[in-house]
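Thanks for coming. I will go through one model this morning, piece by piece. Please look at the sequence and the structure first.

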Amino acid sequence: MSKSGGKGGSGARQLKTRVKSARGRSNSSTRWLQRQLNDPYVKRAHDEGWRSRAAFKLIEIDDKQNLLKPGMRIVDLGCAPGGWLQVAAKRTGSTPDDPHIVGIDYLEMEPVPGCIILHKDFTEDDAPQMLIDALGGHKADLVLSDMAAPTTGHKATDHLRIIALVELAADFAIQILKPGGTFVAKVFQGGTEHELLAELKRSFATTAHIKPPASRKDSAESYLIAKGFKG
Ligand SMILES: C[S@@+](CC[C@H](N)C(=O)[O-])C[C@H]1O[C@@H](n2cnc3c(N)ncnc32)[C@H](O)[C@@H]1O
């Protein structure tokens, strides 16, 4: 790995970390590592103590949409490594004595103070009930989903899996939200599928798609925000 000056004149030279491809490391992981090392959000996340650069996506979405309020009950689907949980706990004041945020992920992760974490695949049949139980049987004010299905490289399969996961998250949100509640979900390829969007428009007062600045420009992801659940 070497550090070298970027473009620009000597006064304004920006240091950019270059990564030499090593034996055993594929070109794509070399590119990923180089992008990580030069990503200002990755540095900020490290400096500010957020578990992931994804934390900034929720911060930016919330700064625009004003979603997180003290005392809210929240479910976070696909919560590892916990950046969104940290932001949600901080902005709603959820504490270890009185946690009102529940996250689920099939990946192992460190605990997040103020949050209950289920180590489980959300697509398993008993996951929704386990989330409801973890919320103490209460309905939620906000359902967040940053889940992404692992890609296979087969475009049609990947597309179907992505859609299936968002649909499952939306069905769960409709089952668990309080009237007036909000559903936020990561979606791909320019937006939510037509049929799902139509269903959400029937169930929520407003729907919108936003791409927060922290979402990489070259990524097809955006976030669906459905507000005002009709119950
Ligand atoms: C982009 S990451 C979430 C990052 C998180 N919002 C944060 O701020 O740290 C997506 C997560 O979704 C999880 N995931 C994907 N499919 C899942 C499933 N079926 N059940 C549970 N978690 C899932 C992945 O394991 C991954 O940790």
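**A walk through the model**

I start with A149, which sits in the loop between strand 6 and helix 6 (155-176). Before I go on, the ground rules. This is a predicted model, in which local features need pLDDT of at least 70, side-chain atom pairs count only at pLDDT 80 or more, and totals for chains, interfaces and linings use all residues. Residues are numbered from 1 along each chain as its sequence is written. Helices (H or I, at least four residues) and strands (E, at least two) are DSSP runs, numbered from the N terminus.

Not counting residues up to four places away in sequence, A149 touches R161, I162 and L165. Contact here means that the two C-beta atoms, placed from the backbone, lie within 7 Å. V166 is 17 residues from A149 in sequence, and the C-alpha to C-alpha distance is 9.6 Å.

Next, strand 6 (140-145) itself. Six of its six residues are buried, so strand 6 is largely enclosed by the rest of the structure. Strand 6 runs parallel to strand 7 (residues 177-187), and five bridges join them. Two strands pair if DSSP finds at least two bridges between them. In this pairing, S145 stands opposite A185 of strand 7. Together with helix 6, these two strands make a right-handed β-α-β unit. Right-handed means that, with the strands pointing away from the viewer, the path from the first strand over the helix to the second runs clockwise.

Strand 6 also runs parallel to strand 3, again with four bridges between them. There I74 has L142 as its bridge partner, and D76 has L144.

That brings us to strand 3 (74-77). In a regular strand the side chains alternate between the two faces of the sheet. Which residues lie on each side of strand 3? I74 and D76 are on one side, V75 and L77 are on the other, and all are buried. Strand 3 pairs with strand 4 (101-105) too, in the parallel sense and over four bridges. D76 has G103 as its bridge partner in strand 4. From strand 3 the chain crosses through helix 4 to strand 4, and this β-α-β crossover is right-handed.

Now helix 4 (83-92). Eight of its ten residues are buried, so to speak mostly covered. Among the buried ones are W84, L85 and T92. What covers them includes helix 3, strand 3, strand 4, strand 5 (115-119) and strand 6. Just after helix 4, G93 takes a positive phi of about 75°.

Strand 5 holds I117. I117 is buried, because 22 other C-beta atoms lie within 10 Å. Leaving aside neighbours within four places in sequence, the contacts of I117 are C79, G103, M109, P111 and V112. I117 is 15 residues from V102 in sequence and 5.7 Å from it in space, C-alpha to C-alpha.

Two details of the backbone. Most residues other than glycine have a negative phi, and most peptide bonds are trans. N66 is not a glycine, yet its phi is positive, about 55°. N66 lies in the loop between helix 3 (55-65) and strand 3, and is exposed, with 8 other C-beta atoms within 10 Å. The peptide bond from A80 to P81 is cis, with omega near 0°. P81 is in the loop between strand 3 and helix 4.

Which residues come nearest to the ligand? Of the 22 residues around the ligand, they are A54, G78, G83, F122 and D146. A residue counts as near if its C-beta atom, placed from the backbone, lies within 6 Å. Helix 4 and strand 4 are the elements that give two or more residues to this shell. The shell divides into 13 nonpolar, five polar and four charged residues. Nonpolar covers Ala, Val, Leu, Ile, Met, Phe, Trp, Tyr, Cys and Pro; charged covers Asp, Glu, Lys and Arg; the others, Gly among them, are polar.

Terms used:
A residue is buried if 20 or more other C-beta atoms lie within 10 Å of its own, exposed if 12 or fewer, and partly exposed in between; C-beta atoms are placed from the backbone.
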